[in-house]
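Let us take a walk through this structure together, one region at a time. Keep the sequence and the 3D view at hand as you read.

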Amino acid sequence: MAGTVAQFHERFQQLAAGLHGSREPVALVSHLLSGLQTLIHSDYNSWKEITLQGHPQVTGVFSPHNSTAASLLPVFQRHVEDHPICNYWRRSGKHGGAFSWSDVVASRSEFESLALYEEFYRPLGVHHQLMVALEARPSHLIYFALNRSRGPFTEQERQLLTALQPHASQALQQLRELHRLRSTLASFETLVNNLNQGVVCLSAHNRISWASKRARSFLQTYWRSSPGTVCLPDALLAWLLKNLKTAGTGGAVRGPLIIRSQTSRLFVRLLVEKNERYLLLEEVAMQSTFEEFKQFGLTDREAEVLGWVAQGKSNEDAAAILKVCSQTVKKHLERIYSALGVTNRTEAALKAHDILRRSRER
């Protein structure tokens with residue numbers, strides 16, 4: 001290992017920090033293998049992932065690229081089940097620290113008698129190797145190795161790889177969790193973008209941290225917001241701040257914000273879950289008249305109430321739309337139930353949908 005102690009320590013810290021900063025598997029492997037070359041002399045370094053369920057499968061990366069090693073990978077795959085270090089990891093479940101061949105075989109001659117050595121390591125001129133496992137299960141192994149033709153690895157070099165192991169292992173786990181979260185987020189976005197509602201996720205400072213496509217469309221249509229804006233429209237922000245005072249730490253805020261256009265109305269609801277804040281946006285097409293419902297003797301206002309109930313609106317929503325109190329809506333519903341011959345809002349909504357369907361079929 002070349003350089004001063006201070007320089008060596010700095011390179012080690014840079015290598016470890018770079019591992020934790022990797023966001024893609026290829027970048028992690030490349031950074032690890034190339035970074036090791038600045039710390040420990042080797043002919044080449046390698047990364048292998050081995051699946052041992054059924055027919056063994058081996059993938060490998062070599063740094064610097066070694067065309068001979070790459071071409072001999074099928075040979076390694078054919079004899080991998082005879083690899084003494086891999087078998088030790090699989091049987092014992094112990095893979096802490098760096099391993100050399102001498103750690104698991106009685107003598108060097110015993111290892112060199114293996115077909116694995118004769119057909120894979122000897123043609124590559126590899127006579128000394130240090131291996132570090134990042135994952136060791138009976139069916140799956142992931143490890144990286146340093147390979148030399150001359151000069152055994154020192155105890156100091158072994159200790160260095162042992163110190164690097166937890167950093168590399170944690171970085172690999174972080175990448176897997178990142179991949180899982182990306183997959184979950186992609187599924188969530190697909191689900192949300194297929195809903196009739198728009199969803200806006202807010203930051204702690206009430207800025208837009210993420211919004212579904214439908215929500216972005218609503219913001220542009222009703223407030224003429226820029227497509228990629230992170231700021232809420234002033235009127236929407238003012239409503240949000242007012243309602244946050246009464247929202248507490250959980251639940252939906254009663255009483256939506258209603259924005260009207262000539263052909264539709266947009267309902268905005270605030271949902272607070274501890275430190276998370278969401279805006280749910282739903283557009284409802286306007287119906288200029290509910291004439292079909294008057295055949296049952298309903299007044300204009302009662303027909304409107306039934307129309308909004310049929311669209312799934314609560315008493316509070318209908319009251320906000322009609323600019324009356326919820327108690328008034330409740331009284332209208334009692335009259336509507338009697339006129340339609342039903343006993344609750346669900347039956348009333350079903351009856352209303354049936355009326356509208358028969359009206360369209362005429």
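This is a predicted model: local features need pLDDT of at least 70, side-chain atom pairs count only at pLDDT 80 or more; totals for chains, interfaces and linings use all residues.

**A guided walk through the model**

S9 covers residues 257-260 and S10 covers residues 264-273; the two run antiparallel and are joined by 4 bridges. To see how they line up, find Ile 259, which stands opposite Leu 266 in S10.

Now turn to a sheet. Here 5 strands form an open sheet in the order S2-S1-S5-S4-S3, with antiparallel pairing. S2 and S3 stand at the edges with a single partner strand each, so one side of each has no neighbour in the sheet. S1 and S2 are paired in the antiparallel sense over 7 bridges, and Asn 45 has Ser 63 in S2 as its bridge partner. Helix H2 packs on the sheet, where it touches S1, S2 and S5, and its direction makes about 145° with that of S1. Helix H5 packs on the sheet as well, touching S1, S3, S4 and S5; its direction makes about 30° with that of S4.

H5 deserves a moment of its own. Among its residues, Pro 84, Ile 85, Cys 86, Asn 87 and Trp 89 are buried. The buried residues of H5 pack against S1, S3, S4 and S5, and also against helix H6 (108-112). After H5 comes Gly 93, with a positive phi near 75°.

The axes of H1 (residues 5-21) and H2 (residues 25-37) come within 9 Å and cross at roughly 170°. That angle makes H1 roughly antiparallel to H2. On the H1 side the contact is made by Gln 14, Leu 15, Gly 18 and Leu 19, and on the H2 side by Leu 28, His 31, Leu 32, Gly 35 and Leu 36.

Next, which residues have the most contacts inside the largest nonpolar core? They are Ile 50, Phe 76, Trp 89, Phe 120, Tyr 121 and Tyr 143, in a core of 30 residues. Strands S1, S2, S4 and S5 and helices H4, H5 and H7 are the elements that give two or more residues to this core. Its largest share, 5 residues, comes from H7. Take Phe 120 as an example: leaving aside neighbours within four places in sequence, Phe 120 is in contact with Lys 48, Ala 69, Leu 72, Leu 73, Val 75, Phe 76 and Ala 115.

Let us move on to a loop. Asn 206 lies between strand S6 (198-202) and strand S7 (208-211). Is Asn 206 buried or exposed? Its relative accessible area is 12%, under the 20% cut-off, so Asn 206 counts as buried. The side chains of Asn 206 and Arg 277 are joined by a polar contact of 2.6 Å. Not counting residues up to four places away in sequence, Asn 206 touches Arg 277 along with Leu 232, Leu 237, Leu 240, Leu 241 and Leu 244.

Our last stop is helix H12 (residues 315-322), where 6 of the 8 residues are buried, so the helix is largely enclosed by the rest of the structure. Those buried residues are Asn 315, Asp 317, Ala 318, Ala 319, Ile 321 and Leu 322. Just after H12, Lys 323 takes a positive phi of about 60°.

Definitions and conventions. Residues are numbered from 1 along each chain as its sequence is written. Side-chain values use heavy atoms; hydrogens and water are left out. Two strands pair if DSSP finds at least two bridges between them. A nonpolar core is a set of buried Ala, Val, Leu, Ile, Met, Phe, Trp, Tyr and Cys residues joined through side-chain atoms within 4.5 Å. Buried means under 20% relative accessible area, exposed over 50%, partly exposed in between (1.4 Å probe, protein chains only). Contact means heavy atoms within 4.5 Å. A polar contact is a pair of N or O atoms within 3.5 Å; within protein, one must be able to donate a hydrogen and the other to accept it, and residues adjacent in sequence count only if both atoms are side-chain atoms. Axes are lines fitted to C-alpha atoms, for helices over the stretch in contact, and angles run from 0 to 180 degrees between N-to-C directions. Angles under 35 degrees count as roughly parallel, over 145 as roughly antiparallel, 65 to 115 as roughly perpendicular and the rest as oblique.
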